[in-house]
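Please open the structure in the viewer and keep the sequence at hand.

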Amino acid sequence: MSVVVYAPASTANVSVGFDSLGAALSPIDGRLLGDRVMVEAAEGDDVVIENVGDFAHKLPADPKQNILYDCYHYFAKQYAEQVGKPLACVKMTLEKNLPIGSGLGSSACSVVAALEGLNAFVDTPFDKEQMLIMMGELEGQISGSVHYDNVAPCYLGGMQLMLQQEGATSQAIPHFEDWYWIVAYPGINISTAQARSILPAQYRRQDTLEFGRNLAGFVHASYSKQPELAATLLKDNIIAEPYRAALIPGFDEVRSFAAQSGALASGISGSGPTIFIVTPVLEQAQRTKSWLEQHFIQNEDGFCHVCKIDEQGTRVTGTSL
Ligand code: HSE
């Protein structure tokens with residue numbers, strides 16, 4: 001018996017909602033942009049872990065340092081408490097397709113696919129809310145602070161707003177279905193912990209008020225179907241972008257290109273270095289992709305995809321990789 005789970009890439013913050021908004025991404029050419037995990041029965045007294053995929057060589061050689069090792073043991077503890085019996089031994093294969101430290105929710109992808117794979121393997125004893133809390137906790141151990149803006153969209157799909165209330169950790173809000181999200185990863189890595197450490201510990205009152213106004217306005221514009229208003233508010237001139245822009249070579253040129261080309265918005269995906277540009281025009285999206293490939297991507301690890309928001313989130317895709 002085995003199960004394979006796919007978890008999509010996600011863009012956290014979406015500029016206007018630092019730690020509070022996130023969207024799952026799906027390339028329009030049908031390629032998978034995310035990690036897969038296969039869980040299968042195994043003999044032995046500890047989980048067996050194998051890594052495959054384009055970025056497997058960047059993972060630690062010691063299986064005990066692998067995110068999946070922590071996922072298995074964390075899930076096993078919760079399972080024993082919930083179900084009253086020990087979790088069977090399994091083999092977990094991680095197909096690592098997303099670069100680490102990319103700003104596309106790479107660690108969230110692995111955590112979500114692993115935990116959902118384990119849950120599916122043992123006939124889903126945990127509901128979605130319980131799973132999301134577990135995913136946030138594990139992701140928090142890795143990134144140094146609990147924030148759900150990658151795990152929630154990755155797991156649940158769509159554009160997610162973090163509420164962090166009991167029973168309502170995150171909920172979907174409407175999004176503009178005709179918007180294309182062009183994401184470009186330049187090929188260098190930025191750790192989330194590092195990108196958080198350069199942010200101010202405190203912000204001025206007028207800035208927090210503007211932040212609240214922008215985020216509330218964006219959510220309102222999304223519900224009231226006002227794409228131009230939403231696009232105007234889709235910015236971060238306050239919390240993170242002014243500080244993180246300097247970590248991303250060529251970011252200012254990307255912003256200038258996006259503005260000149262008439263894009264609706266542009267910004268940093270999560271804690272970077274991936275950037276995103278939004279347009280409702282497919283031809284413009286393809287031109288933007290070509291420009292980013294020529295001017296922003298720095299090495300062969302980099303890539304660019306024209307995406308739409310992934311509605312499905314994490315899903316079981318079969319029984320073998
Ligand atoms: N909201 C988090 C941050 C996401 O920007 O630090 C990190 O992927």
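Begin by selecting Lys 96 and Ser 110, whose side chains are joined by a polar contact of 2.9 Å (a pair of N or O atoms within 3.5 Å; within protein, one must be able to donate a hydrogen and the other to accept it, and residues adjacent in sequence count only if both atoms are side-chain atoms). The model is predicted: local features need pLDDT of at least 70, side-chain atom pairs count only at pLDDT 80 or more, and totals for chains, interfaces and linings use all residues. Residues are numbered from 1 along each chain as its sequence is written, and side-chain values use heavy atoms, with hydrogens and water left out.

Lys 96 belongs to the loop between strand E6 (90–95) and helix H2 (106–121); helices (H or I, at least four residues) and strands (E, at least two) are DSSP runs, numbered from the N terminus. Is Lys 96 buried or exposed? Lys 96 has a relative accessible area of 2% and is therefore buried (under 20% relative accessible area; exposed is over 50%, partly exposed in between, with a 1.4 Å probe and protein chains only).

Next, select Gln 284 in helix H10 (residues 282–295). Its relative accessibility is 8%, so Gln 284 counts as buried. The side chains of Gln 284 and Thr 279 make a polar contact of 2.9 Å.

Finally, select Leu 21, Phe 75, Met 92, Leu 115, Met 159 and Trp 181, which touch the most other members of the largest nonpolar core, a set of 74 residues (buried Ala, Val, Leu, Ile, Met, Phe, Trp, Tyr and Cys residues joined through side-chain atoms within 4.5 Å). H2 supplies the largest share of this core, ten residues.
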